[in-house]
Amino acid sequence: MIQGLLDFFQTTGFAQITWQMLVMWAVAGVLIYLAVAKGFEPLLLVPIAFGALVANLPTRGVITVEQRANGVTDSAIFRIEGHAVPARQDAPAAAAMAGETPQVLQVNRVEGGLFDFISQGVKLELFPPLIFLGVGALTDFGPLIAMPRTLLLGAAAQLGLFFTFMGANLLGFTAKQSASIGIIGGADGPTAIFLTNKLAPEILGAVAVAAYTYMSLVPLIQPPIMRALTTHHERRIRMKSLRKVSRTEKLLFALVVMIVCVLLVPDASALIVMLMLGNFLRECAVTERLVKSAQNEIINVLTIFLGVTVGLTMRAQNFLAPETLKIILLGVVAFGISTAGGVIVAKIMNLLSPHNPVNPLIGSAGVSAVPMAARVSHNEGQRADPNNYLLMHAMGPNVAGVIGTAVAAGYFLSALGH
Amino acid sequence: MAFSPARPALLALAEYPNLGDSILFQLNGLIVVFIALGSIWGLLELMGAAFRLAARRRHASAHRPHPAAHERPSAPAAPAAATDATDPRVLAVIAAAVHLTLRGQPHRITAVTPEQPTLDWAREGRRAIFASHKTH
């Protein structure tokens with residue numbers, strides 16, 4: 001009887017628990033604490049933490065994991081069982097002309113767990129562009145159109161991406177991995193996931209966690225850098241009121257940005273096209289039902305799927321490695337340099353255009369953590385002058401940062417993704 | 001239409017590039033980002049100038065005296081429709097709410113406009129996204 005119970009115990013999950021799993025439970029616990037108790041990016045950190053916990057439980061029928069010959073763990077694989085049958089008469093003529101006997105695969109059975117299928121949304125790069133549809137539908141580009149020179153601040157805040165690329169290289173990462181780590185500095189989760197999945201899927205979990213953790217820590221990371229690089233006088237600069245932007249201008253803006261970015265970096269097309277489609281739907285004012293769906297149902301559903309899928313990549317075998325620590329350290333460097341880049345370029349702009357100055361605090365909003373980075377600029381401005389309202393001014397570089405990060409990702413993909 | 005361009009040699013980076021190649025790669029990347037956003041800036045300035053000019057023309061023509069206006073007897077202007085927002089009690093409630101929200105910071109309410117009921121659900125999405133980020 002005891003042997004029977006022992007045999008049964010071997011079939012339970014308890015027998016498969018390892019110390020690495022326990023460490024990952026603690027990591028998931030920290031993420032849940034940050035999200036629930038501290039309110040740091042709860043919409044993303046809760047699904048990510050939950051996914052991380054599930055990935056480190058001995059589950060069955062949820063997700064398939066296989067160890068490859070080279071030691072790399074591959075997850076979210078589903079099997080298709082079938083057999084080849086001769087094709088019908090209307091089979092592709094090219095194969096018949098080549099003298100081959102055309103065949104088709106007749107599928108008998110598809111085997112996989114729930115998240116083997118849901119994870120395809122990340123593997124096939126569907127979720128990040130679809131989330132961008134929702135982001136576009138939620139974003140008002142009016143402040144950017146009213147003050148287009150803040151586009152430069154969005155570009156300057158990409159400095160951290162490229163600087164960190166070099167740092168990661170020096171620490172022994174490959175060029176593709178370095179680009180994926182550098183993109184953390186853009187503070188744009190969907191873009192980071194999109195790029196990393198294409199260039200270095202083996203570090204997706206660490207990059208996504210670092211990106212979203214630092215995005216949630218924007219209010220802690222950015223203010224000391226902003227204060228260190230600006231004087232009290234600069235923080236009190238009041239900016240001119242923004243002009244009102246017409247609907248036609250906003251519609252043209254969506255088309256212009258899409259065309260320019262796709263022409264310059266075609267590899268970022270999926271992100272840019274969906275971002276601008278969402279924004280066009282919003283501004284054209286005749287597709288209200290579609291906008292409502294993009295702003296709420298689509299983005300919310302995909303956020304759950306994306307978060308859990310990213311969390312599921314955080315298996316102990318992949319995550320508990322010295323590289324993860326390096327990625328997390330490099331991520332904060334990228335973030336800090338991007339913040340500094342935006343502030344410094346804002347100061348340079350003031351030197352070149354002293355009669356119409358910008359408050360340098362809005363430069364830090366060039367990292368694209370929308371709208372949190374803009375709110376941090378606003379809060380810092382109000383610390384120096386409680387009657388100074390910088391929020392709408394900071395939204396300009398903030399949304400420019402979204403475009404800038406997508407362009408940077410397109411550059412990395414053009415250079416490294418082939 | 002999809003196209004697959006040949007990759008120029010400048011972009012062909014080794015898996016472990018040396019420092020010089022790495023710096024060149026970064027500079028190229030920054031230049032690409034600045035060109036992209038700089039071109040959009042230029043186009044937006046042109047677009048903005050055209051729209052501002054058109055607005056000035058519309059404004060000028062609207063304020064030009066209309067010759068026929070003096071000949072027609074003008075109808076008495078309809079009194080402004082009373083809305084909930086103009087009710088002094090509503091204004092008092094709004095002012096108190098703003099005061100509480102801003103925790104006594106100096107402020108001035110310059111306009112009170114009615115909500116557009118058709119955008120409520122869209123606004124709720126934006127409100128939820130904005131409220132989900134803690135900044136202090």
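Predicted model: local features only at pLDDT ≥ 70, side-chain atom pairs only at ≥ 80, totals over all residues.
Residues are numbered from 1 along each chain as its sequence is written, and chains are lettered from A in the order in which they are written. Local features need pLDDT of at least 70 and side-chain atom pairs count only at pLDDT 80 or more, while totals for chains, interfaces and linings use all residues; side-chain values use heavy atoms, without hydrogens or water.

**View 1. Confidence along chain B.** The model as a whole scores ipTM 0.82 and pTM 0.78. Chain B averages a pLDDT of 75, and 59% of its residues score at least 70; pLDDT is the predictor's confidence in each residue, from 0 to 100. Confidence in chain B is highest in helix α1 (residues 19-63), with a mean of 90, and lowest in helix α3 (residues 120-131), with a mean of 66. Helices here are DSSP runs (H or I, at least four residues), numbered from the N terminus. Contact means heavy atoms within 4.5 Å.

**View 2. Helix α12 against helix α13 in chain A.** The axes of α12(A) (residues 189-199) and α13(A) (residues 204-216) come within 10 Å and cross at roughly 165°. Axes are lines fitted to C-alpha atoms over the stretch in contact, with angles from 0 to 180 degrees between N-to-C directions. That makes the two helices roughly antiparallel (angles over 145 degrees). Among the residues in contact are Ile193(A) and Thr196(A) of α12(A), and Leu204(A) and Tyr212(A) of α13(A). By class, nine are nonpolar, three polar and none charged. Nonpolar covers Ala, Val, Leu, Ile, Met, Phe, Trp, Tyr, Cys and Pro; Asp, Glu, Lys and Arg are charged, and the others, Gly among them, are polar.

**View 3. Helix α13 meets helix α20 in chain A.** Here α13(A) packs on α20(A) (residues 322-352) at about 40°, with the axes 9 Å apart. Residues of α13(A) including Ala210(A) and Tyr214(A) meet residues of α20(A) including Ile328(A) and Phe335(A). Ten of the contact residues are nonpolar, two polar and none charged.

**View 4. Thr230 of chain A in its loop.** Thr230(A) lies in the loop between α14 (218-229) and α15 (232-235) of chain A. With a relative accessible area of 7%, Thr230(A) is buried (under 20%, using a 1.4 Å probe and protein chains only). Leaving aside residues up to four places away in sequence, Thr230(A) touches Arg235(A), Val343(A), Lys347(A), Pro360(A) and Leu361(A).

Technical notes. Parallel < 35°, antiparallel > 145°, perpendicular 65-115°, else oblique. Buried < 20%, exposed > 50% of the residue type's maximum accessible area, 1.4 Å probe, protein only.
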